[in-house]
Amino acid sequence: MRIAVISALCIASVTATQAAAQDWSAEVYGGGTFEGDLAVGGADEKVDSGTTYGGGLYYSGLGGMDALELGFDLSRTNADYKTSGEDLQSTAAMAIARYSFVNSGPLKAYGALGLGWVETASAGDEDSGLGGRAALGISYDVSETIGVFGEVRHTRAFDSSTLNGVSGIENRNNAVVVGLSTQF
């Protein structure tokens, strides 16, 4: 519920920055998370590779700085613990700043940093707190209004979660996503 309220507030604040709907883009994406370790109460649990999906809304008309985009991203990941088969889910609502460091016609390479709220859930319990994201990506404009992109990202909760009486769960994941964007 907190994620939904924060998401609505972030979308409202981003859309309130400009009345004109130029320089905006919306995107949807999906991909996979890497197999890895999850710190649980001081021990490492093996986590299977999983899925991730989400969407974002971005604005790029900040004082003629087309290389800088500010926006909001809402994503969801899902993976299983290898040893117990328990499901681990993560929902992240992030304010994101992206900067294109290569801008060659329709091709762009960019880096992104985000700050927001991360909710971790497993076996019917959930905990949430402040989190962040770092990403590198490449986008290609197929037409004036449609683009495709690919991104490698790392998302993590800054505070450890407590789920089902187990404290010290460090929620972090690495993912590769591909998506579709539309400019309006």
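User: Leaving aside its neighbours within four places in sequence, which residues is Ser181 in contact with?

Analyst: In this predicted model, Ser181 is in contact with Ala26, Glu27, Thr145, Ile146, Gly147 and Phe149, once neighbours within four places in sequence are left aside. Ser181 itself is found in strand β12, which covers residues 172-183, and a polar contact of 3.4 Å joins its side chain to that of Gln183.

User: Is Ser181 buried or exposed?

Analyst: Ser181 has a relative accessible area of 10%, and because buried means under 20%, Ser181 counts as buried. The C-alpha atom of Gly124 is separated by 9.4 Å from that of Asp87, although the two residues are 37 residues apart along the chain.

User: How should I read a pair of aromatic rings, and how many does a search of the whole structure find?

Analyst: A pair of aromatic rings is described by the distance of the centres and the angle of the planes. Here a search of the whole structure finds two aromatic pairs. One of them is formed by Trp24 and Tyr59, and it is tilted, with 5.0 Å centre to centre and 55° between the planes. Since Trp24 lies in strand β1 and Tyr59 in strand β4, this pair ties together parts that are 35 residues apart in sequence. Trp24 counts as buried at 5% relative accessibility, and Tyr59 is buried with a relative accessible area of 7%.

User: What is the geometry of the pair formed by Tyr29 and Phe149?

Analyst: Tyr29 and Phe149 form an edge-to-face pair, with 6.5 Å centre to centre and 70° between the planes. Tyr29 lies in strand β1 and Phe149 in strand β9, so the pair ties together parts that are 120 residues apart in sequence. Both Tyr29 and Phe149 are buried, and Phe149 is also among the residues in contact with Ser181.

Technical notes
Residues numbered from 1 in each chain as written. Predicted model: local features only at pLDDT ≥ 70, side-chain atom pairs only at ≥ 80, totals over all residues. Heavy atoms only, no water. Helix = DSSP H or I, 4+ residues; strand = E, 2+ residues; numbered from the N terminus. Buried < 20%, exposed > 50% of the residue type's maximum accessible area, 1.4 Å probe, protein only. Polar contact = N/O pair within 3.5 Å; in protein donor to acceptor, adjacent residues only side chain to side chain. Contact = heavy atoms within 4.5 Å. Phe/Tyr/Trp six-rings, centres within 6.5 Å; stacked < 30°, edge-to-face > 60°.
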